[in-house]
Amino acid sequence: MNILKELVNRVNEKVMVKTVLGEETYYFMWNAPATAEDIQAFENRNKCSLPDDYKEFLLISNGAIVYKSEYEDDGYKLLSLEEVEEVTHEMKDDGYDISDKCYCFLQCLFSDDVLLLDLQKETNYIMDGDVGYPSDEWEYIGSDINTFFIRLCQCNGAMYWRW
């Protein structure tokens, strides 16, 4: 089962989450889906092939805001295909040595950190772009998109990959 499809179907706008510290309200805002043509155009422009599970997400929601709380500067922005190109280009312009087959797909709303898809890898292709370190020190989080979101949900939006 695709966790992202379940999230989009079950969590629309806000949800109350119980944590060890009490209850927290998080907001989830989903974009309109991308079309197969949008995805193909992205792949053609960038001479790449996106992972199937990421394409599945894009066909459900072409970007989103997840785990955004009411009172804090937190949460994550899943980038639309247009934003993927824009943010990746901006990071390269800012001096980050990002491979031509790596694309930023998620921004942390509480920092400048990103997660990237490394399209040179077939499995465990998500890389943690911790902007506090040079890009040659960025590490893989050992995950694909679906597993990443399962773990993110299990941790109620916490940055589990940095534990």
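**Walking through the chain**

Modeller: Among contacts in the chain with a separation of 6 or more, 48% are between residues 24 or more positions apart. Keep in mind that this is a predicted model.

Colleague: How many helices and strands are in the chain?

Modeller: The chain has 5 helices and 8 strands. From the N terminus, the order of elements is α-β-β-α-α-β-β-α-β-β-β-β-α.

Colleague: And what share of the residues count as buried?

Modeller: The figure is 47% of the 163 residues. The chain exposes about 9000 Å². Carbon and sulfur atoms supply 46% of that area.

Colleague: Let's zoom in on H2. Which residues of H2 are buried?

Modeller: Ile39, Phe42, Glu43 and Asn46 are buried there.

Colleague: Where do they fall, seen down the axis of H2?

Modeller: They fall within an arc of 95°, so they line one face of the helix. An α-helix has 3.6 residues a turn, so residues three or four places apart point the same way.

Colleague: What do the buried residues of H2 pack against?

Modeller: Three elements: helix H3 (52–60), helix H4 and strand E5 (102–108).

Colleague: Stay with H4. At what angle do H2 and H4 pack?

Modeller: The angle is about 25° between H2 (residues 36–46) and H4 (residues 81–93). Their axes are 10 Å apart.

Colleague: So what do we call that, roughly parallel or roughly antiparallel?

Modeller: Angles under 35 degrees count as roughly parallel. H2 and H4 are therefore roughly parallel to each other.

Colleague: Which residues make the contact?

Modeller: From H2, they are Asp38, Ile39, Phe42, Arg45 and Asn46. From H4, they are Leu81, Val84 and Glu85. By class, the contact has 4 nonpolar, 1 polar and 3 charged residues.

Colleague: What is Glu85 in contact with?

Modeller: Phe42, Arg45 and Asn46, leaving aside neighbours within four places in sequence. Glu85 and Arg45 are 40 residues apart in sequence. Their C-alpha atoms are 10.0 Å apart in space.

Colleague: Back to the ends of H2. What follows H2?

Modeller: Lys47 follows H2, and its phi is positive, near 50°.

Colleague: New topic. Where is Ser80?

Modeller: Ser80 is in the loop between strand E4 (76–78) and H4.

Colleague: Is Ser80 buried or exposed?

Modeller: Ser80 is buried, with a relative accessible area of 11%. Ser80 touches Asn31, Asn62 and Gly63, not counting residues up to four places away in sequence.

Colleague: Then what is the phi of Tyr67?

Modeller: Tyr67 has a positive phi, near 55°, and is a residue other than glycine. Tyr67 is found in strand E3 (residues 64–69). Tyr67 counts as buried, at 6% relative accessibility.

Colleague: And what about the phi of Asn124?

Modeller: Asn124 is not a glycine, but its phi is positive, about 45°. Asn124 lies in the loop between strand E6 (114–118) and strand E7 (126–129). Tyr67 counts as buried, whereas Asn124 is partly exposed, with a relative accessible area of 37%.

Colleague: Last one. Which residues is Asn124 in contact with?

Modeller: Leaving aside neighbours within four places in sequence, Asn124 is in contact with Tyr140, Gly142 and Ser143. Asn124 and Asp144 are 20 residues apart in sequence and 5.2 Å apart in space, C-alpha to C-alpha.

Methods
Residues are numbered from 1 along each chain as its sequence is written. This is a predicted model: local features need pLDDT of at least 70, side-chain atom pairs count only at pLDDT 80 or more; totals for chains, interfaces and linings use all residues. Side-chain values use heavy atoms; hydrogens and water are left out. Axes are lines fitted to C-alpha atoms, for helices over the stretch in contact, and angles run from 0 to 180 degrees between N-to-C directions. Helices (H or I, at least four residues) and strands (E, at least two) are DSSP runs, numbered from the N terminus. Angles under 35 degrees count as roughly parallel, over 145 as roughly antiparallel, 65 to 115 as roughly perpendicular and the rest as oblique. Contact means heavy atoms within 4.5 Å. Ala, Val, Leu, Ile, Met, Phe, Trp, Tyr, Cys and Pro count as nonpolar, Asp, Glu, Lys and Arg as charged, and the others, Gly among them, as polar. Buried means under 20% relative accessible area, exposed over 50%, partly exposed in between (1.4 Å probe, protein chains only). The arc is that of the directions from the helix axis to the C-beta atoms. Accessible areas come from the Shrake-Rupley method with a 1.4 Å probe; for residues, only the protein chains shown count as cover.
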